[in-house]
Amino acid sequence: MTTTIKTRPVESQEYWTQSNGKKLFMAEKRSVAGPAKGTILLVHGSSMGSQGFDLSIPGDEDASILDWFACRGFDIWRMDFIGYGRSDKPADHLATVAQGVPDLLAATDLIKKTRNAGPPMLVGFSSGALRAALFAQHHPDRVKRLALDAMVYTGKGSPTLKKRAEKIAEWKSSVTRPIDPAFLMSTMTRDHSETAMPGRMKPYVDAILAIETTVPNGTYIDMCENLPVCDPKQIKVPTAILRGQYDGIASDEDLLEFFRLLPNPDKEFIMMPGIAHAAATSKNYMRFYDAIHSFFSRPETVFKG
């Protein structure tokens with residue numbers, strides 16, 4: 001299907017592939033105005049699949065992250081991890097951070113096969129940042145650049161994880177947990193009630209609940225009991241840490257230590273003012289979009305030393 005966003009034609013397509021014998025859903029948007037400036041893969045977090053990345057809101061042309069980047073010349077993809085969205089949902093699948101690695105292998109295989117493109121640039125959101133970071137750690141040849149939003153490292157000093165850990169027995173007693181409008185709204189308001197963009201909140205919630213009302217508990221368990229789940233010293237690709245000013249998922253000190261340990265000098269720590277945990281639905285969403293766009297548009301270095 002081809003649509004026109006801000007006078008630039010954008011082509012969209014859906015795909016199915018396999019991960020460990022299970023069906024994995026993916027979707028792509030790309031400009032048809034010329035060759036792609038680069039390939040982006042969005043990596044979702046704990047509490048919903050990827051449908052929230054591609055909102056359609058009358059009067060809000062920027063609501064879809066896919067449209068925004070496709071209009072600027074990028075080939076951009078989203079995927080639903082096994083257990084989420086439109087992908088298969090095995091009854092016993094916790095969808096831990098580590099279980100996301102084979103899903104990302106399958107996704108990057110499909111992107112390469114479909115577009116004959118080089119390694120994509122990954123944007124990970126919350127526990128999706130942990131999935132993307134772990135994938136880059138083990139498969140650096142599959143990742144050109146890495147952007148980690150709403151990231152956590154050890155969990156030290158995190159008010160969100162301290163509160164979440166109070167329910168660890170509940171998370172461990174079941175493979176999945178229910179999600180509802182109140183919970184999804186809280187992901188945008190829990191750290192600071194005024195950061196969220198009102199016009200995006202209900203469409204975001206509605207888009208998620210139209211596809212799923214339960215999600216797996218694996219990443220919640222990982223983030224309460226198993227941090228750190230990735231080693232920054234082993235992440236060799238260019239990496240940006242995107243930190244919302246009010247995000248309670250991690251402390252500044254925790255993320256700065258992760259950043260310090262990254263070995264590649266092509267790295268950035270980006271503080272996003274007026275943003276909490278959910279950057280894409282915040283009033284200051286353009287600071288988030290611009291940070292990713294800028295990092296992914298950097299010219300390659302000539303001298304590396």
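Residues are numbered from 1 along each chain as its sequence is written. Because the model is predicted, local features need pLDDT of at least 70, side-chain atom pairs count only at pLDDT 80 or more, and totals for chains, interfaces and linings use all residues, while side-chain values use heavy atoms, without hydrogens and water.

**Cavity and pocket**

Both kinds of space are found on a 1 Å grid over the protein atoms alone. A cavity is a set of points where a 1.4 Å probe fits but cannot get out. A pocket is an open set with protein on both sides within 12 Å along at least five of seven lines. Lining residues have an atom within 4 Å of a point. Grid points are joined across faces, edges and corners, and a volume is the space filled by probe spheres set on the points.

The structure holds one cavity of 30 Å³ or more. M48, F125, Y204, H277 and A278 are the lining residues closest to the centre of the largest cavity.

For the second largest pocket, R164, K167, W171, F183 and Y220 lie nearest the centre. α4 (159-164), α5 (168-172), β8 (176-178) and α6 each supply at least two lining residues. α4 gives the most, with four residues. Helices (H or I, at least four residues) and strands (E, at least two) are DSSP runs, numbered from the N terminus.

In the table, Ala, Val, Leu, Ile, Met, Phe, Trp, Tyr, Cys and Pro count as nonpolar, Asp, Glu, Lys and Arg as charged, and the others, Gly among them, as polar.

| Space | Volume | Lining | Classes in the lining |
|---|---|---|---|
| Largest cavity | about 400 Å³ | 27 residues | 14 nonpolar, 10 polar, three charged |
| Second largest pocket | about 420 Å³ | 16 residues | six nonpolar, two polar, eight charged |

**Helix α6**

Buried means under 20% relative accessible area, exposed over 50%, partly exposed in between (1.4 Å probe, protein chains only). In α6 (residues 181-189), the buried residues are L184, T187 and M188. They lie on the same side of α6, because they cover an arc of only 95° around the axis. The arc is that of the directions from the helix axis to the C-beta atoms. These buried residues pack against α7 (198-209), where contact means heavy atoms within 4.5 Å.

**Cysteines**

The whole structure has zero disulfides (pairs of cysteine sulfur atoms within 2.5 Å). The sulfur of C224 is 16 Å from the closest cysteine sulfur, in C230, which is too far for a bond. C224 is partly exposed, at 22% relative accessibility. C71 is buried, with a relative accessible area of 5%.
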